[in-house]
Amino acid sequence: MTPILNMHDINVSEFLAVLDTCEGNVFLVTRDGDKLNLKSKLSQLLGLTQLIEGGKIANASIICENKDDERKLFRFNLFDEVG
């Protein structure tokens, strides 16, 4: 799987709320190539703390196993809304 979304300047609390609605696995890919499953609260804590700058996610690549989740996160990234 290759990263499908490059997310920038994302509000962390809103992003986590969207992740909670995802049905499949969602992976965050770090600059070092590490893949963290964001469906796990522990992985969210570990992964996001490395990427947060000033209360927002500075830069992250996302991989989704579920196409509906991919569309949801794409809309959130592009329009800051879920739909």
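Which side chains meet in a salt bridge at 3.6 Å, N to O? The side chains of Glu70 and Lys67 do. Notes on this and other features follow.

1. **Basis.** This is a predicted model: local features need pLDDT of at least 70, side-chain atom pairs count only at pLDDT 80 or more, and totals for chains, interfaces and linings use all residues. Residues are numbered from 1 along each chain as its sequence is written, and side-chain values use heavy atoms, with hydrogens and water left out.

2. **Salt bridges in α3.** A salt bridge is a side-chain nitrogen of Lys or Arg within 4 Å of a carboxyl oxygen of Asp or Glu. A search of the whole structure finds three. Glu70 and Lys67 sit three residues apart in helix α3, so about one helical turn separates them. Helices (H or I, at least four residues) and strands (E, at least two) are DSSP runs, numbered from the N terminus. Asp68 and Arg71 also pair through their side chains, at 2.4 Å, N to O. These two are likewise three residues apart in α3, about one helical turn.

3. **Exposure of these residues.** Buried means under 20% relative accessible area, exposed over 50%, and partly exposed in between (1.4 Å probe, protein chains only). Lys67 is exposed, at 54%. Asp68 is partly exposed, at 46%.

4. Asp20 forms a salt bridge with Lys41, and their closest N and O atoms are 2.8 Å apart. Asp20 lies in helix α1 and Lys41 in helix α2, so the pair ties together parts 21 residues apart in sequence.

5. **The core.** A nonpolar core is a set of buried Ala, Val, Leu, Ile, Met, Phe, Trp, Tyr and Cys residues joined through side-chain atoms within 4.5 Å. The largest one here has 18 residues; Met7, Phe15, Val26, Leu28, Leu38, Ile62 and Leu73 touch the most other members. At least two residues each come from β1 (5-11), α1 (12-21), β2 (26-29), β5 (56-64) and α3 (67-79). The largest share, four residues, is from α1.

6. **Leu38.** Contact means heavy atoms within 4.5 Å. Leaving out residues up to four places away in sequence, Leu38 touches Phe15, Leu19, Val26, Leu28, Ser43, Gln44 and Ile62.

7. **A surface patch.** Leu42, Leu45 and Leu46 make a nonpolar surface patch of about 310 Å². Patch residues have over 30% relative accessible area and no salt bridge; like charges are joined within 9 Å, nonpolar side chains (Val, Leu, Ile, Met, Phe, Trp, Tyr) within 5 Å. Areas come from the Shrake-Rupley method with a 1.4 Å probe; for residues, only the protein chains shown count as cover. Leu46 lies in helix α2 (residues 41-51). Leu46 is partly exposed, at 48% relative accessible area.
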